[in-house]
Amino acid sequence: MKNRTFAALAFATAVAVIAASRLIPNDYFFSAAYTVLQFIILATAWNILGGYTGYVNFGSAAFFATGAYSSVFLYKALHAPLVVMIVTGTLAAGLLGLAVGYLTLRMRGVFFAIATLALAVVLYTFVVNWDYVGGARGAYIIQPRVIPFGLPRYIHLLYSAMVLMTALALVIARAIETSTIGRGLAAIRDDELAAECAGVPTLRLKLFSATVSGALMGMAGTTFPYYLAYIEPSAAFSLSYAVNSIAMPLIGGMMSWVGPVIGAVLLGSVQQIVQVTISSAWNLLIVGVLLVAFVTLAPNGIMGWVDAWRRKRR
Amino acid sequence: MANSLHIEGLRAGYGAVQVLEGISLHVNDGETVALLGTNGNGKSTLMKCIMGIVPLRTGSITAVIDGIEHNLAGQATEDIVNLGIALIPEGRRLFPRLTVEENLLLGAYRPIARDAIARNLAFCHEVFPRLAERRTQLAGSMSGGEQQMLTLARALMTAPKILLIDEPSVGLSPLLVSHIINQIRDLKERYGLTVLMAEQNFHQAIRIADRGYVIVHGRIEYEGSSRDELSNNALIRKLYMGL
C-alpha cells in the first residue's frame with residue numbers, strides 16, 4: 001500500500017472512530033482509551049529509535065514529560081490553546097531527541113541506554129526545582145469550560161486529539177519503515193560499521209530517527225496535564241513510561257510498525273482491566289511477567305510468530 | 001580513467017594507543033596490491049582510516065577517481081563511499097536480519113549507485129547465481145562462503161572504482177578461500193577495479209596481487225614490487241613460513 005493511501009485510510013479510520021465513540025455513554029471508556037492510545041504513540045515512537053535503529057532508549061519518560069511540561073508552561077504563561085500546546089511540546093521533545101541523537105556518536109548499547117536514563121533523572125530534578133511549572137508540588141491545570149465541536153466533556157476532546165495523534169504517529173512510523181531511510185536504519189541496527197561502509201549516512205539517519213522518536217513521544221505527553229488536571233513531576237516522569245514503551249514493542253515485535261500497536265493494545269488494555277478489577281499496584285508486575293515470558297518464549301514478539309508462520313507457508 | 005590511492009606518512013590510532021606509525025603506500029590504476037601482515041599490525045586500522053571511520057592524526061590520504069584528485073582526510077565515510085571507494089570489512093559484517101536482496105540494495109545506498117540499481121543487481125546475480133536463488137533468505141542464515149559472496153556483491157552494488165578488502169579469508173575453509181580469491185580476481189578484471197587487499201593468508205593473496213607491502217607494528221617494513229620479489233623476501237619467509 002502506498003504511504004498516501006495508508007495515511008488517507010488511517011485518518012479516515014480515526015475520524016470514523018471518533019464519530020462512533022460519540023455513541024458510547026460511559027465516560028470511563030474515554031479515559032481508558034486515552035491511556036491505551038497514549039501508549040500506542042509512545043510504543044510506536046520508541047520503536048523508531050529502539051526497534052528500527054537498534055538504540056534502546058530508557059528515557060521515554062523524559063520526552064513524555066518534556067511534552068507535558070511544555071504544555072504546563074504554555075498554560076501558565078499564555079493560556080495557549082490545545083493545538084499550540086501539542087505543536088510546541090512536539091517540537092520541544094524533538095529538539096531533546098536531536099540532542100540525544102548526538103549521544104549515539106559515542107555511545108552504543110547499554111551505555112546509550114544508561115545515558116538516556118540519566119537524562120530522565122536530570123530533567124526530573126530540573127522540573128522539581130522549577131517553581132514556575134509547579135516544582136515538586138505539582139500544578140493544577142484547569143480544563144477550559146467551553147468545549148469546542150459541541151463535545152459533552154473535555155475528555156472527549158482529549159480522546160479525539162489522541163486518536164488523531166495516534167493516526168499521525170502510525171503514518172509516520174510506517175512511512176519511515178518502508179522508505180530508503182528505514183532500510184538505512186535497519187542497516188545501522190544490524191551492523192553500524194557495515195552500514196557506514198555501504199555508504200549509509202549513519203549519523204544523519206540516527207539524528208533523524210532520534211528526533212522523530214523524541215518528538216512523537218513528546219506529542220503523546222502534551223495533552224497529559226489536561227487529562228489529569230493536576231500534574232506533578234513523579235507522574236510525568238513515571239518509570240512506567242520507560243518500561244511500557246520498551247515492553248510494548250518487545251511484546252508486539254520491533255521489526256514493523258504493527259508490533260508496537262499490538263503490544264500497546266494488549267499491555268495497555270490488560271493494565272486498564274487489572275487497574276479496575278484488582279489494583280493499580282499490579283500494573284508494573286504484570287508488565288514484568290509478560291516481558292520475561294516474551295523474552296524467553298518469543299524473542300521476536302507476536303509479529304515474530306506471524307512472520308515465521310508466513311515464511312513456513314511460503 | 002585513472003583511479004589510484006596515495007597515502008603519505010599516515011599516523012592514526014585509538015585514544016592513547018598509536019597503531020599506524022607513518023604509513024606510506026600507493027595503489028596505482030588497475031593494480032591489485034596486497035597488504036600483508038599478521039594479526040595486530042594495523043591492517044584493519046589502515047583500511048578504516050582510508051574510509052574515514054578512524055580519524056587520521058597526521059599524514060595524508062588522497063584518492064584519484066576518474067582522474068580527479070580528492071583529499072580523503074576529514075571526510076565523512078558516506079562521502080568517501082560516494083566518491084567510489086568501497087570497503088569490504090573484516091569478518092563479513094552483513095546485515096544478518098535483512099534478506100539477501102535487502103543487503104544488496106543497501107549497498108546501493110549512495111545516490112549515484114541508486115540510478116544503476118537494476119543493472120548492478122542483475123550483474124551481481126549473474127556473477128553469483130546463488131544469491132539470486134537465495135534472494136528472500138535472511139543473510140544471517142547462509143553459509144560462511146555464501147555470506148562472503150554477499151559482502152563482495154554488496155560492495156559491487158556501490159559501483160566502486162577502488163575496492164578495499166579486509167581479510168576476505170577470515171573464517172573460511174581453504175577451498176572457499178581460494179574460490180573467493182579467484183572471484184576477486186575475476187571481478188577486478190571485469191570491472192577494471194583498483195584493489196587494495198589486506199590479507200594474512202600470504203599464499204592466497206600473492207596469487208592475485210601485482211605488488212605488496214608488509215606491515216609490521218604499524219610500519220611498512222618491506223615493499224615488494226612483484227610477486228617473485230615478495231615470495232623470495234627474507235622477512236616474509238620469517239613471518240609466514242617460519243624460515
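**A hairpin, a loop and a contact**

Biologist: In which sense do strands E1 and E2 of chain B pair?

Modeller: Antiparallel: strand E1 (residues 4-14) and strand E2 (residues 17-27) of chain B pair over eight bridges. Strands pair if DSSP finds at least two bridges between them. Strands (E, at least two residues) and helices (H or I, at least four) are DSSP runs, numbered from the N terminus. This is a predicted model, where local features need pLDDT of at least 70, side-chain atom pairs count only at 80 or more, and totals for chains, interfaces and linings use all residues. Residues are numbered from 1 along each chain as its sequence is written, and chains are lettered from A and ligands numbered from 1 in the order written.

Biologist: What stands opposite B:His6?

Modeller: B:His26, in E2(B). In that hairpin two residues lie between the strands, and B:Gly15 has a positive phi near 55°.

Biologist: New topic. Where is B:Ala76?

Modeller: In the loop between strand E5 (68-71) and helix H2 (77-83) of chain B. Its C-alpha atom is 9.8 Å from that of B:Pro55, 21 residues apart along the chain.

Biologist: Why is B:Ala76 called partly exposed?

Modeller: Because 16 other C-beta atoms lie within 10 Å. Buried means 20 or more within 10 Å, exposed 12 or fewer, and partly exposed in between, with C-beta atoms placed from the backbone.
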